[in-house]
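The sequence and structure are shown first.

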Amino acid sequence: MKRGTISLAVIALVAGAWYALQRGETPMRTSSANTTVLRGDAMVAVAVPASLDDQEQIGKRAFDTVCAACHGANAQGKQGVAPPLVHRIYEPNHHGDMAFVLAAKNGVRAHHWKFGNMPPVKGVTQGDVLNIVAYVRALQRENGIQ
């Protein structure tokens, strides 16, 4: 009887985790007037903040130059290339700012998505990446990811 109760608890836990992850596949909020339309190979629609502070603007320019080729405009991701960074997987409590710095510096082994490994990003400094992270966090906040 005790094994049956434990088995049911494990099944409920796994089902709950699966449900939570499935819900994370869509944007948290898309009601903003500044929503980017989902086109082409973009993976998620992203609401863009009406304004960005100075650091976030610098980060956006750097993101557009260095990251958008793989992670898409406004971090929407690109089907078959790289994941969206406006996704609950990358919320600050799961992937802190230094995780982004280390990923850019050292690359990252595929572990959440099936896109393959991310290579190190050449030519960016830690300061550049922190500006990019400020921009990504602004996008995440606008989309309800905190």
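The points that follow concern one helix pair and then one of its members.

1. The model is predicted, and the remarks here should be read on that basis. Two packed helices are described by the angle between their axes and the distance between the axes.

2. Helix 3 covers residues 97-106 and helix 4 covers residues 126-142; their axes come within 9 Å and cross at roughly 130°. Angles over 145 degrees count as roughly antiparallel and those from 65 to 115 as roughly perpendicular; helix 3 and helix 4 are therefore oblique to each other. The crossing of the two helices is right-handed.

3. On the helix 3 side, the contact is made by Asp 97, Met 98, Phe 100, Val 101 and Ala 104. Their counterparts in helix 4 are Gln 126, Val 129, Leu 130, Val 133 and Arg 137. Sorted by class, this contact holds 7 nonpolar, 1 polar and 2 charged residues.

4. Helix 4 has 17 residues, which at 1.5 Å a residue should span 24 Å. The C-alpha atoms at its ends are 24 Å apart, in agreement with that expectation.

5. Is helix 4 mostly covered or mostly exposed? Helix 4 is mostly covered, with 12 of its 17 residues buried. Among the buried residues are Val 129, Val 133 and Arg 137, which also take part in the contact with helix 3. Others include Asn 131, Tyr 135, Gln 140 and Glu 142. The buried residues of helix 4 pack against helix 2 (54-71) as well as helix 3.

6. After helix 4 comes Gly 144, with a positive phi near 80°.

Methods
Residues numbered from 1 in each chain as written. Predicted model: local features only at pLDDT ≥ 70, side-chain atom pairs only at ≥ 80, totals over all residues. Heavy atoms only, no water. Axes fitted to C-alpha atoms, helices over the stretch in contact; angles between N-to-C directions. Helix = DSSP H or I, 4+ residues; strand = E, 2+ residues; numbered from the N terminus. Parallel < 35°, antiparallel > 145°, perpendicular 65-115°, else oblique. Left-handed = near helix turned anticlockwise from the far one by under 90°. Contact = heavy atoms within 4.5 Å. Nonpolar A, V, L, I, M, F, W, Y, C, P; charged D, E, K, R; others polar. Expected span 1.5 Å × (residues − 1). Buried < 20%, exposed > 50% of the residue type's maximum accessible area, 1.4 Å probe, protein only.
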